[in-house]
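Here is a short report on one protein chain. Take the sequence and the model together as you read.

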Amino acid sequence: QSYDIERWNGYEKAMFWRYQAGIYATMEDYNNAKRCYIEMMNYRTDIQPRMEQETLLMLSKLEAVDENWDGALGFIDEWWNLIPTPTMEGYKLRGTFKYQKQDFRGALDDMKVVIADSEEKQGKAKEGDYNMEFAIYSELGQPNEMLRVAEVMVRHYPTATSWKRLYSMYLDRERIPEALAAMQVCYDQGYFDRESQISTFASLWNSEANPYLAAKYFQEGIDA
């Protein structure tokens, strides 16, 4: 169907391109969706501020799909300047984009806001947000902060991955009692999936002058 779009006013043109963008987005044709949203922004003075803000946020996400982090940051910074109070989604998106740009300190600042807000309101942040924080501290070379986050994660998300990461970090610091406690959880929960992990567990008990447990776990590792 053809449209005589040139006869429409600015608002009507903006709504046309917004509608087209939505269709392309549902088809997962993100390049054309982005093209249509950009066309829509040619008429930004004719639409409500909230719609303009939503479109900028959508454009930042579409740029991220293409891994165009400069474009993603450009749109989200433009969005940031238009809204009275940034949302937690905005902080998380900007933190993610900065991380991809290797601006790790900037990413950390944004993720700290997200995590603090979640901990205040829900008692804990999302697992993915803690993982992001851990990754940022790793990039910044801050092992003490990495350990702190790892300890927080086993309290809120006591998964096999969390416990294994924690005991490995204790071992790196030669904090043997804490490592043994974390490894005991892994053993009791069936998180060990390699014989070498059980062998390390048994050797630690031997180093702690408990040959009985060392022999017990070593034998169980052989029999497994």
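## Nonpolar cores

The largest nonpolar core has 37 residues, and Tyr-130, Ile-136, Leu-166 and Phe-192 touch the most other members. A nonpolar core here is a set of buried Ala, Val, Leu, Ile, Met, Phe, Trp, Tyr and Cys residues joined through side-chain atoms within 4.5 Å. Buried means under 20% relative accessible area, exposed over 50%, and partly exposed in between, with a 1.4 Å probe and protein chains only. Two or more residues of this core come from each of helix H6 (104-122), helix H7 (127-140), helix H8 (143-156), helix H9 (160-172), helix H10 (176-189) and helix H11 (195-207). H8 gives the largest share, seven residues. Helices (H or I, at least four residues) and strands (E, at least two) are DSSP runs, numbered from the N terminus.

Ile-136 touches Tyr-99, Phe-104, Ala-107, Leu-108 and Met-111, leaving aside residues up to four places away in sequence. Contact means heavy atoms within 4.5 Å. In soluble globular proteins, nonpolar side chains tend to be buried together.

## Basis of the model

This is a predicted model: local features need pLDDT of at least 70, side-chain atom pairs count only at pLDDT 80 or more, and totals for chains, interfaces and linings use all residues. Residues are numbered from 1 along each chain as its sequence is written, and side-chain values use heavy atoms, with hydrogens and water left out.

## Aromatic pairs

The whole structure holds 10 aromatic pairs. Rings of Phe, Tyr and Trp (its six-membered ring) pair if their centres lie within 6.5 Å; planes under 30 degrees apart count as stacked, over 60 as edge-to-face and the rest as tilted. Trp-69 and Phe-97 are a tilted pair, because their ring centres are 6.0 Å apart and their planes meet at 40°. The pair links distant parts of the chain, 28 residues apart: Trp-69 is in helix H4 (residues 69-80) and Phe-97 in helix H5 (residues 88-100). Trp-69 is buried at 18% relative accessible area. Phe-97 is buried at 2%.

Phe-192 and Phe-201 also form a tilted pair, 5.8 Å centre to centre with 55° between the planes. Phe-192 is buried at 13%, and Phe-201 at 0%.

## Charges over rings

The charged end of Arg-94 sits over the ring of Trp-80, 3.7 Å from its centre. Arg-165 lies over the face of Phe-134, 4.2 Å from the ring centre. The test is NZ of Lys or CZ of Arg within 6 Å of the ring centre and within 35 degrees of the ring normal.

## A buried serine

Ser-162 is in helix H9. Ser-162 is buried, at 1% relative accessible area. Its side chain makes a polar contact of 3.1 Å with the side chain of Thr-159. A polar contact is a pair of N or O atoms within 3.5 Å; within protein, one must be able to donate a hydrogen and the other to accept it, and residues adjacent in sequence count only if both atoms are side-chain atoms. Ser-162 also touches Met-153, Val-154 and Tyr-157, not counting residues up to four places away in sequence.

## Overall form

The chain has 12 helices and zero strands. Its radius of gyration is 25 Å, well over the 17 Å that the globule rule gives for 224 residues, so the chain is more spread out than a compact globule. The radius is taken over C-alpha atoms, and the rule is 2.2 Å times the number of residues to the power 0.38. Buried residues make up 43% of the chain.
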